[in-house]
Amino acid sequence: MILSIESSCDDSSIAVTEIATKKILFHKKISQEIDHAKYGGVVPELAARLHAEALPKILEQTEAYFPKLKAVAVTNAPGLAVTLVEGVTMAKALAIALDLPLIGVNHLHGHIYSLFLEKEALFPMTILLVSGGHTQVIDAHGYKDFSLIAQTMDDSFGESFDKVAKMLGLGYPGGPIVEAYAKKGDENRFDFTVPLGNSPKIAFSYSGLKNQVRLQIEALGDLSEQDRCDICASFQRVATAHLLQKLKKIFKNGAIWEFAIVGGASANLYLREKIEKLCHDFGAALHLAPLEYCSDNAAMIGRCAVDAYARRDFTPFDARGSAPRRAI
Ligand code: KG4
Ligand code: ZN
């Protein structure tokens with residue numbers, strides 16, 4: 001079995017995965033969303049302190065598995081430096097105490113492996129990763145064999161939902177809230193411009209759209225509940241149309257038979273529906289992670305670690321967690 005730890009942002013999570021069957025034997029996550037909501041976003045130092053409280057509480061519940069562990073895995077990049085270090089320190093301590101190898105897992109690779117929970121990995125596959133920190137299209141050829149096709153030039157897809165929610169005073173995390181408001185709104189009321197609509201570039205950009213929303217909010221002044229719903233719906237339509245427009249170009253550029261969406265924002269049902277249609281039009285199969293494993297969790301880190309273990313791809317104990325937002 002492999003015990004895995006995730007603490008790259010605001011979710012403290014630990015999982016135990018059986019190596020032979022890839023089955024998730026234990027998975028627990030304590031989210032800090034409520035604690036950060038009043039600040040409208042994640043406060044790194046607060047997040048680190050909450051991980052220091054939550055991780056040992058979860059770890060206690062896994063003690064029965066300790067004698068059967070073969071390795072300890074942990075997200076070591078990318079993420080918030082002060083929160084990554086909480087998980088990495090715990091993983092190193094545990095690995096030393098139990099005399100086990102350490103497996104450092106890239107958080108983005110973890111999101112990709114959320115597609116392969118309790119089953120074999122499937123490659124090659126083209127993957128849209130939409131989270132709070134990243135918006136990328138990746139060609140996945142095999143274990144750790146990934147090439148980047150496109151990425152955002154500024155804000156990420158999930159982050160833009162968080163910022164729109166903050167501007168509307170709706171709380172954090174913005175993704176699910178904006179999606180819920182959008183369901184009750186008129187998506188055609190506000191005619192926001194699709195980012196990079198006239199550009200041949202295969203890249204994403206969300207900061208201009210966020211600005212358009214800000215200007216609209218200022219122009220309306222006092223907002224009614226219906227105004228908020230209409231802004232969310234119009235924003236979601238355009239944010240998604242932008243992804244779709246660029247994905248269509250990627251689909252046209254080369255034959256894609258297996259396509260997937262991963263990351264926290266892949267839980268958005270409006271986006272899922274649009275991408276389902278795109279895949280259908282281009283004859284590609286669409287792969288999705290189970291809804292509860294779209295956002296950050298240790299089970300996806302554990303699943304990636306199972307493939308690392310098979311290759312004896314261990315991480316030296318002196319390796320450091322790294323903070324910057326890196327491409328895959
Ligand atoms: O993957 P994740 O849990 O953390 C990162 O690795 O960043 O993704 C969190 C992001 C947040 O920005 C959140 O607002 C967004 O995913 N998100 C959504 C939805 N659910 C979560 N964005 C749009 N629609 C949703 N339903
Ligand atoms: Zn994530």
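Colleague: So how does the lining of the largest pocket divide into nonpolar, polar and charged?
Modeller: There are 17 nonpolar, 17 polar and 12 charged residues in it. Ala, Val, Leu, Ile, Met, Phe, Trp, Tyr, Cys and Pro count as nonpolar, Asp, Glu, Lys and Arg as charged, and the others, Gly among them, as polar. Mind that this is a predicted model, where local features need pLDDT of at least 70, side-chain atom pairs need 80 or more, and totals for linings use all residues. Residues are numbered from 1 along each chain, and ligands from 1 in the order written.

Colleague: Which helix gives the most to that lining?
Modeller: α5, with seven residues; helices here are DSSP runs of H or I, at least four residues, and strands are E runs of at least two.

Colleague: And why does the pocket lie between the domains?
Modeller: Because domain 1 (2-117 + 294-310) and domain 2 (125-288) both give residues to its lining. The bounds come from an automatic or database domain assignment.

Colleague: Switching to the metal: which protein donors does the zinc ion (ligand 2) have?
Modeller: His107 (NE2), His111 (NE2) and Asp296 (OD), at 2.0 to 2.1 Å. Donors are N, O and S atoms within 2.8 Å of the metal (3.2 Å for Na, K and Ca), and water is not among the atoms, so sites may look incomplete.

Colleague: Where do His107 and Asp296 sit?
Modeller: His107 is in helix α4 and Asp296 in the loop between β10 and α10, 189 residues apart. Both are buried, meaning under 20% relative accessible area with a 1.4 Å probe, protein chains only.

Terms used: Side-chain values use heavy atoms; hydrogens and water are left out. Buried means under 20% relative accessible area, exposed over 50%, partly exposed in between (1.4 Å probe, protein chains only).
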